[in-house]
Amino acid sequence: MPESKPRRKNKPQSQQTAQGAHAVDKPMPSWYKPVMFGLMLLGLVWIIVYYISQTLFPIPNIGGWNIVIGFGIAMVGFFMTTGWK
């Protein structure tokens, strides 16, 4: 005995276009990736300079807070990776 073909559900035109709009992502701006990697490297360089200069640079009067600033700058770069497509 032959099997019947399943019926197709007709979707309204508005649902089809709404699904298609989400599938297409906007391209990333050209500045996003260099800024992201630049912030990660700047934070790393900040911490390296702090250790190599024996706490004299980048900002001598704040002491150990230079490490916090370096990690903060690097973390902004790492948080930017969540939006990278």
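The expected span of a helix is 1.5 Å times one less than its number of residues, and helix α3, which covers residues 65–80 and has 16 residues, reaches 23 Å from its first C-alpha to its last, close to the 22 Å expected. The model described here is predicted. This briefing looks at α3 and at its packing partner, α2 (32–52).

**Helix α3**
- The buried residues of α3 are Asn-66, Gly-70, Ile-73, Ala-74, Gly-77 and Met-80, and, seen down the helix axis, they fall within an arc of 115°, so they line one face of the helix.
- Trp-65 and Phe-79, in contrast, are exposed on the other side of α3.
- An α-helix has 3.6 residues a turn, so residues three or four places apart point the same way.

**Helix α2**
- The 21 residues of α2 should span 30 Å at 1.5 Å a residue, which agrees with the 30 Å between its end C-alpha atoms.
- Buried in α2 are Tyr-32, Met-36, Met-40, Gly-43, Trp-46, Ile-47 and Tyr-50, and these residues cover an arc of only 120° around the axis, which puts them on the same side of α2.
- The face turned away from that buried side carries the exposed residues Pro-34, Leu-41 and Ile-52.
- Gln-54, which follows α2, has a positive phi near 55°.

**Where the helices meet**
- The buried residues of α3 pack against α2, and those of α2 pack against α3.
- Gly-43, found in helix α2, counts as buried because its relative accessibility is 0%.
- Leaving aside neighbours within four places in sequence, Gly-43 is in contact with Gly-70, Ile-73 and Ala-74.
- The C-alpha atoms of Gly-43 and Ala-74 are separated by 4.5 Å, although these residues are 31 residues apart along the chain.

Terms used: Residues numbered from 1 in each chain as written. Predicted model: local features only at pLDDT ≥ 70, side-chain atom pairs only at ≥ 80, totals over all residues. Heavy atoms only, no water. Helix = DSSP H or I, 4+ residues; strand = E, 2+ residues; numbered from the N terminus. Buried < 20%, exposed > 50% of the residue type's maximum accessible area, 1.4 Å probe, protein only. Arc of directions from axis to C-beta. Contact = heavy atoms within 4.5 Å.
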